[in-house]
Amino acid sequence: MTAVTAPLDVDALRADFPILGRTVRDGKRLVYLDSGATSQHPVQVIEAERAFLTEHNAAVHRGAHQLAEEATDAYEHARARIAEFVGASANELVFTKNATEGINLVAYAMGNASTAGPESARFKLGPGDEIVITEMEHHANLVPWQQLAQRTGATLRWLGVTDEGRLDLSNVDELVNSRTKVLAFTHQSNVLGTVNPVEPLVARARSVGALVVLDACQSVPHSAVDFRALGIDFAVFSSHKMLGPYGLGVLYGRHELLAAMPPFLTGGSMIEMVEMTRTTFAPPPQRFEAGTPMTSQAVALGAAVDYLSVVGMDRIAAHEHQLTVAALDGLAGIEGIRVLGPVDGHARGGAVAFVVDGIHPHDVGQVLDDQGVAVRVGHHCAWPLHRRLGVPASVRASFYLYNDLADVDAFLAAVRETRRFFGVA
Amino acid sequence: MQLQQMYQEIILDHYKNPHGRGLRDPFDAESFQVNPTCGDEVTLRVRLDGDQVADVSYDGQGCSISQASTSVLTDLVVGRSVGEAFGKLDAFVELMQGRGTVEPDEDVLEDGIAFAGVAKYPARVKCALLGWMAFKDAVARAQGGS
Ligand SMILES: Cc1ncc(COP(=O)(O)O)c(C=O)c1O
């Protein structure tokens with residue numbers, strides 16, 4: 001798997017992203033290091049959405065006119081493209097509002113299974129059953145499970161995090177046991193950058209019959225991911241973090257599971273037959289797409305996936321790795337910096353969170369912003385993780401294909417300037 | 001560089017040497033406020049003596065703006081009537097929500113005028129108001145509870 005990969009021509013790529021040409025805060029070059037929150041959009045993606053709206057727009061899966069046919073084709077073609085991109089079949093991908101909704105869909109479907117018939121027995125949860133998550137989850141992969149446990153009487157348990165920001169797997173066999181119904185964890189931490197070991201976790205879950213839900217929000221945009229090869233049951237990711245439009249998330253579910261799972265939202269488009277007192281449901285994925293779907297957005301995400309594929313996910317991963325190592329090395333050379341998460345490039349992605357001694361993250365972010373460097377400050381929707389690491393908040397720089405070493409240099413210079421400005425240098 | 005406009009010396013002084021910090025007894029009511037986007041938090045206690053704000057004490061963690069504005073708050077309201085204190089609160093809120101268009105009155109806000117630059121950064125307005133919202137809430141509790 002060591003394909004020889006030519007480095008990215010970042011200058012050429014950047015030309016596809018108009019926003020990167022603008023300035024901020026009185027003429028400063030924009031150094032956008034917040035792609036972990038949301039990515040920027042290339043003209044190819046914007047144009048694909050525009051082309052759909054100006055040439056093919058109609059409601060999908062309804063009506064028999066030519067536009068409806070074209071729109072449906074475009075929508076389903078996008079689904080197939082996106083599925084191929086993540087190693088899935090088209091009928092295993094459900095479009096949702098965002099990744100958060102995808103996780104809620106599974107959690108609510110499991111709740112609904114508790115009152116449904118025997119066909120959905122494997123999704124049932126109740127007192128005595130356990131849900132296992134981790135302490136490094138984004139709230140999106142934490143709160144829905146916590147609430148599901150509260151609604152059903154199941155128990156929520158979690159894998160801990162080591163001081164260096166890896167999952168603590170020392171008690172995984174005790175935590176993931178015959179009572180475990182679901183194991184949900186993040187593929188790549190949005191704070192620490194840590195890439196979690198999917199293989200042993202899936203193996204453990206399989207051996208006890210638990211379902212595996214993977215939060216792939218930070219992995220799918222940044223590296224080649226093959227859901228089928230990973231052997232997981234469900235996964236989610238968000239369009240807006242991978243060059244695509246807002247308002248669209250993707251839920252992957254193994255077809256056999258989606259076929260047995262009761263719906264979350266109900267209404268139009270997800271039915272097979274409706275009478276005044278009962279309804280039967282369409283097969284997946286339609287069963288989970290109630291109402292008029294995000295059509296132009298799905299088409300544009302298809303274009304984003306094409307764009308990423310042409311650049312090459314392995315090259316993107318290698319490029320981000322180079323930037324991440326440069327940032328980590330640079331931060332190691334500045335006094336008073338504590339990086340949260342792995343300090344070397346091993347099994348880690350391009351999110352670099354840190355705190356600066358004596359300066360609150362909010363204030364660090366403000367000085368960086370004044371230099372044109374856009375980073376995220378706060379708990380990054382991972383409050384329990386920050387509590388575990390003993391800090392109220394952190395600063396996070398995150399990289400993507402359009403960042404270059406000049407961005408890393410500007411970032412490091414701005415961090416040094418922060419220490420000077422607040423008189424701790 | 002616009003930073004100096006935001007981080008006025010007065011603000012940095014209050015941040016480094018906060019006034020009235022630490023939780024004290026006795027008190028009539030306590031309020032806990034948190035900024036859910038960044039996790040900054042403050043616990044603030046109020047003691048009223050009739051209509052007078054007899055003491056304000058607080059503890060918390062947060063950025064320079066939230067900590068300094070709470071420090072300024074204690075200077076402005078302790079020893080005043082609740083009516084006067086709320087007048088200052090209204091003036092401070094108006095300043096902070098003015099997006100940089102409100103000219104602050106130094107007679108009313110004293111050191112608080114240093115926050116005029118913060119008002120130009122919408123993301124930081126909540127930081128500046130954290131302690132003030134805790135004060136408003138604590139006074140309401142103190143008056144409602146007894
Ligand atoms: C790891 C992780 N999980 C889940 C989410 C939620 O994604 P969204 O807000 O698009 O639903 C995010 C992003 O915010 C994330 O980084």
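**Reading a sheet and a ligand shell**

Author: In chain A, strand E16 and strand E17 (residues 394–398) pair in the antiparallel sense over three bridges. This is a predicted model: local features need pLDDT of at least 70, side-chain atom pairs count only at pLDDT 80 or more, and totals for chains, interfaces and linings use all residues. Residues are numbered from 1 along each chain as its sequence is written, and side-chain values use heavy atoms, without hydrogens and water.

Reader: What is the bridge partner of Val377(A) in E17(A)?

Author: Strands of a sheet pair through backbone hydrogen bonds, either parallel or antiparallel. Pairing here needs at least two DSSP bridges between two strands. Strands are DSSP runs (E, at least two residues). The partner of Val377(A) is Val395(A).

Reader: In what order do the four strands form the open sheet?

Author: The order is E13-E14-E17-E16 in chain A, with antiparallel pairing. Strands E13 (337–340) and E16 (376–378) of chain A are the edges, each pairing on one side only. From one strand to the next, the twist averages 30°.

Reader: Now the ligand. Which residues come nearest?

Author: A residue is near a molecule if one of its heavy atoms lies within 4 Å of it. Of the 13 residues around the ligand, the nearest are Thr100(A), Asp215(A), Gln218(A), Ser238(A) and Lys241(A).

Reader: How far is a ligand oxygen atom from an N or O atom in the side chain of Lys241(A)?

Author: A polar contact with the ligand is a pair of N or O atoms within 3.5 Å. For the Lys241(A) side chain the distance is 2.8 Å. For the His138(A) side chain, a ligand oxygen lies 3.0 Å from an N or O atom.

Terms used: Chains are lettered from A and ligands numbered from 1 in the order in which they are written. A polar contact is a pair of N or O atoms within 3.5 Å; within protein, one must be able to donate a hydrogen and the other to accept it, and residues adjacent in sequence count only if both atoms are side-chain atoms. Axes are lines fitted to C-alpha atoms, for helices over the stretch in contact, and angles run from 0 to 180 degrees between N-to-C directions.
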